[in-house]
Amino acid sequence: MDEKKIKKQLFRIAVLIISVSIAVSALVLTAFSYVVRQAHDSDHIQMKTETEEYESRILKQIDKNIQFLTSLAKAFEVNDITASMELIEKNISATNKTNSFVSMAYLSVDGSGLINSIEYGTKWKITLDDCDEYARTAIEKSFKGEDAVSKMFDSEIFDGKLFIYSVPVYRSGEIIGALAASDTLEIFEDIVNGNTVLDGQGYIHLLDSGGNFLVRSEHTIVKEDISSIFEGPYLSEKTQEKARAAIANRESMYGEFEYKGKKCHFYLAPIDLNGWYLFCANSMWGQALSFSRSVVILGVFLFFVLLAMFALLYYGYYRFRKNSALLIRFAYYDGVTGADNTLRFDQKTEEITKKQKDYCIAALNIHNFKCINDIFGTADGDRVLRFIKTKIEQSLKPDEFFCRDSADLFYIFLLDTDEAVLSERISSVIHDVREVTQHAVYSYEVSMYSGLSIRGTREQALVALQSIKHNLQTDIAFYDYSLHEMVRKKSDIESHMQLALQKNEFRLFLQSKRDLKTGKITGAEALVRWRLPDGSYRYPGEFIPLFESNGFSVKLDMYMVEQVCIQLRKWTDAGITPLPISVNQSKRLFANGNYPEEIEKIVRKYNISPSLITLEILEDIATSDTEQINHQINTLRKIGFRISMDDFGSGYSSLNMLYSLKIDELKLDRGFMRRVAGVDEERRKIILKQIISFAKKLGITTVAEGIETEEDRDNMAALSCDYGQGYFFDKPTEAEEFSRLYILK
Ligand code: C2E
Ligand code: MG
Ligand code: MG
């Protein structure tokens, strides 16, 4: 995943979290407001139900009273009481004593009549005009055959407000008058005050058509003495307006008023009587929780929670981005030089190679970077790496890029495919690095080498690089399949060498060393062969250079010394005078101060005389610390080993070497032999002769390698070379076979 993708994902996560938070908040708010609305609605329904219940009770009471009067009027008709006013008075005053009416009256259709009240007795000869206007209206309705209930009026005979019921009185089916009874509002008070509503939290008042209280509950919420719902500051102007409109249209309405900071609900409903209204108020709403306020509080709370969540989210997002930036740095960049790392390099390569098919990948490495770290310290080593990074950077064209893998390994993606151009570009980087480090910074020449793979992979570039790892002559190598095979084989060898040693796959082969004059065997050279499980052999040229570079030669050489000792012991035990054997010893052994002791231990273990063993060293050993090498050689010689200088003349041999190193034998490289047979034969013969005679003077015996023909043998014998070794005499043979052929015969 690259940086862009991580950022995109981060953004998505943030959006998701924010959306979810908003959704959750909205959900909670919706749910809460739903609950509140439900509570609100059920509050309304309850008020309405209770109000309707009260209305029906009031109407029932009025109906009862009307029924009573109607029955009485019927009795008048049946008993023909209306013929005499006295009889009427007698009946009314008797009846009035048994009911709760304030007064009862009879008026005949001509407008004359009488009225009886318990308090004042009977008033005879009243007229319709003596009655209050509202009472008159009701009575006149009854003259027309209606049952009627009047509006409230101030009574002249009674201190307070009254209303009347009135019913028609018939004789022989004709209306002859009206029977009326007056009543106070107390009958409603019983009803309205009788039971509290809404579980004791609500109250019902009876209002007239002007919103004035006709009956006001004793337990009213608003304690102040007011005569109308519109009085005082309780109903807001808007609510008052709505209430007036509702009253004018005889409609019911829900509303709110506030009393002492408490919100209360009310329900105003017309009743089917005189344009009156019932006003139901509910204090519970405000008292219980002041729901709407709670909604606001919850809303504010949620808002702050949301705000805190956003803040947290932002902080988290910020930290995450910061950390991810750091992670991205760790994931994609090299901490030492700041260059990309291989992960990033591979990503870029993958991306660019989708379109761009002409490219080359170069691997660049320093020869012996370890030395720089060892000599100058890792801080300087890192400085060198940063310097190289800058140099590579400067050499790049647009769209080219590079990375540092581990240690001193860099990879460069180049947009060229021509070998000459590529060589030129890489050489210029190598040259620049060498120049600057040599003169200015370290006075240590940092030399680099590079492997390139055109249209290939990083791995192939590395294979090309490894193919010239120890080759100081070549700076640049291009990948091809044979290189791949070579590297594959190399890794195969390295992964099997330890096990092969344990399984005795390294076999001792012997090649005889002959006296050039007599042809007699005077010794043998131990040469290793790696016998693979399938019976085939690997030759030293395939693995010895590798073992020398990876250090395994130390183990193998000691193993071979032991194999030689075992062979010598076998011969000795068989009663045969053992043949001296030469063993090849790699340079690395000499770096170990205990080497002479260790090899002596092996020889002693098999009770073999060290004089039977010649240790062959290569001439390049002289390039190491001569003093230390000489010290080791002297120790070895003191123990009794003989020392031979192998392949003399193949490299940078010098006669000086014969002075400086105390050796017993000089093996002339077979290259001499080939050259001897060549064009400048005479000159070479002179040189060879000089070397041989020089060695002789120093008491060093000489061995000619690579005697392949009789002529070779004769030539070398003529030059006074002591011994010879080569295919002319025999090929290296498995030790047992060698014994059978030459020793045990
Ligand atoms: P060397 O020590 O110079 O051994 C002589 C090499 O020349 C041997 O190759 C041998 O087979 C080959 N040879 C002998 N006579 C002739 C001839 O007439 N013509 C030609 N063309 N070649 C001839 P080999 O066995 O392949 O070994 C190669 C080198 O590997 C050896 O060169 C030696 O340096 C190294 N080596 C072999 N065994 C060991 C070992 O056990 N330890 C170490 N460190 N190096 C070993
Ligand atoms: Mg040798
Ligand atoms: Mg040799």
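1. Let's start with charge. The protein chain carries 90 positive and 105 negative side chains, and the centres of these two sets are 10 Å apart. Lys and Arg are counted as positive and Asp and Glu as negative, leaving out His and the chain ends; each charge is placed at NZ of Lys, CZ of Arg, CG of Asp or CD of Glu.

2. A word on what you are looking at: this is a predicted model, in which local features need pLDDT of at least 70 and side-chain atom pairs count only at pLDDT 80 or more, while totals for chains, interfaces and linings use all residues. Residues are numbered from 1 along each chain as its sequence is written, chains are lettered from A and ligands numbered from 1 in the order in which they are written, and side-chain values use heavy atoms, without hydrogens and water.

3. On overall shape, the C-alpha atoms of the protein chain fill a box of roughly 190 × 60 × 40 Å along the principal axes. The radius of gyration is 64 Å, whereas a compact globule of 745 residues would have one near 27 Å; the value is taken over C-alpha atoms, and the globule rule is 2.2 Å times the number of residues to the power 0.38.

4. The protein chain has 22 helices and 27 strands, which are DSSP runs (helices H or I, at least four residues; strands E, at least two) numbered from the N terminus. Buried residues account for 45% of the 745, where buried means under 20% relative accessible area, exposed over 50% and partly exposed in between, with a 1.4 Å probe and protein chains only.

5. Now to the metals. The magnesium ion (ligand 2) is coordinated by E525 (OE), N584 (OD1), E616 (OE) and D646 (OD) at 2.0 to 2.2 Å. Donors are N, O and S atoms within 2.8 Å of the metal (3.2 Å for Na, K and Ca), and sites may look incomplete because water is not among the atoms. E525 in strand 19 (residues 521-531) and D646 in strand 23 are 121 residues apart. Each counts as buried, E525 at 5% relative accessibility and D646 with a relative accessible area of 5%.

6. D646 sits in strand 23 (residues 642-648), and E705, 59 residues away, in the loop between strand 25 (701-704) and helix 21 (710-718). E705 is buried too.

7. What bridges the two ions? D646 does, and the magnesium ions (ligand 2 and ligand 3) lie 4.0 Å apart.
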